[in-house]
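Here is a short report on one protein chain. Look at the structure, then read on.

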Amino acid sequence: MPPDSHVKLFIPGPVEVRPQILAAQARPMIGHRSPEYADLHARIVPKLRPVFGTAGRVFIVTASGSGVQEAAVRNCVRHQCLCLVNGAFGARWHQVALANGKRADALEAPWGTAIRPEQVDERLQAGNYDAITLVFNETSTGLLNPLPEIAAVVCQYPQLLFLVDAVSAAGGVEIRADEWGVDVCLTSSQKALALPPGLALCSVSDRAMARAESVPNRGWYFDFLQYEKYAAKNHTPATPAISLMQALDAQLDAITVEGWGTRFARHRRLMQQVHAWLQMNGFDFFAEAGYRSPTVTAARNTRGVDIGALNAHLRQRGMLISDGYGALKGQTFRIAHMGDVTEEEILDLLEAIREFVEKE
Ligand code: PLP
């Protein structure tokens, strides 16, 4: 296959972006202090609220999701935070907190096992934390942590700010940040929102803003107070990725036409489609039953398939999946079913995988 041929991405980010959305990035450039920009910004913010389930503020940040992981701890941790870790991205957030000079403990559960609310409660009773971090959907293991149940525990501790990474969930799984008491809920553009990478989006509660006022050394680029000040004029403190915002604007319109509920239901159906195929073809799951992700499935490679060779086969057919994350390479493989992907596309992918595994 020629090197510039289109390979459809079934990897857990960046995901496939539809041509109409890619084309929206090519609109003529506008100045970021112009009325046209303020209109664009003002149009996007209300359309983003359903992503997080909030009636409150949403910030548009030119960074990838990791930037807002950093922002959340810089703005919201004054004393010490507890990081819930059951996969690579939970561990990363803990590292991000430490790297920002924050005191941070990790509560660990085995990878592939959900964080249980009782564990969280026990740890919170014993500690003296003012913030807690949770990765809703662990992309490394294909596991959806029980966010509403953990939220019910967290809200018993009024001094705690609840910081949630919804990077590979937002846009594919319903989030109710206001109802669940999530103070910062963050995501990246290149996952279930099916946009190119480069934008991070987050909902931020009044409580989080009040905390930020009392936290020293928040830095400048990710300072929520700066974001708030500029958001009042529908601006951002620094020059934003305007082309990506044009794509975001177009994509949110398309999602509104699809309907958020319909979109979430489609993600569940795609998950079931992939699950049924894996079971029928002798594969197991890495994540425990009851907590498997609606956006990405990590299959246990129980048939010992050579994932590199499988991907070479898929690439010939214009498709790509993902190997296991880090130490899980070879032991698992991951199929992303998030974004704008359809049942027909998943069917084609699964058929191409079947061709390969039956040959082996
Ligand atoms: N959190 C989760 C759950 C992720 O899956 C990722 C990336 O895959 C990140 C954080 C980091 O996001 P980004 O690559 O946008 O910085």
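## The largest core

The largest nonpolar core holds 57 residues. Here a nonpolar core is a set of buried Ala, Val, Leu, Ile, Met, Phe, Trp, Tyr and Cys residues joined through side-chain atoms within 4.5 Å. Buried means under 20% relative accessible area (1.4 Å probe, protein chains only). Leu48, Leu84, Leu124, Ile132 and Phe162 touch the most other members. Helix α10 (residues 242-258) gives the largest share, eight residues.

This is a predicted model: local features need pLDDT of at least 70, side-chain atom pairs count only at pLDDT 80 or more, and totals for chains, interfaces and linings use all residues. Residues are numbered from 1 along each chain as its sequence is written, and side-chain values use heavy atoms, without hydrogens and water.

## A second core

A separate core has 34 residues. Among them are Cys83, Ala104, Leu186 and Ala200.

## The sheet

Seven strands make an open, mixed sheet. Their order is β2-β10-β9-β8-β5-β3-β4. Strands (E, at least two residues) and helices (H or I, at least four) are DSSP runs, numbered from the N terminus. Two strands pair if DSSP finds at least two bridges between them.

β2 (57-62) and β4 (104-108) each have a single partner strand, so one side of each lacks a neighbour in the sheet. β2 pairs with β10 (residues 199-204) in the antiparallel sense, over six bridges. Arg57 has Val204 in β10 as its bridge partner.

## Helices on the sheet

Helix α3 (residues 65-76) packs on the sheet and touches β2, β5, β8, β9 and β10. Contact means heavy atoms within 4.5 Å. Helix α4 (residues 88-99) also packs on the sheet, touching β3, β4, β5, β8 and β9.

How values were computed. Axes fitted to C-alpha atoms, helices over the stretch in contact; angles between N-to-C directions. Buried < 20%, exposed > 50% of the residue type's maximum accessible area, 1.4 Å probe, protein only.
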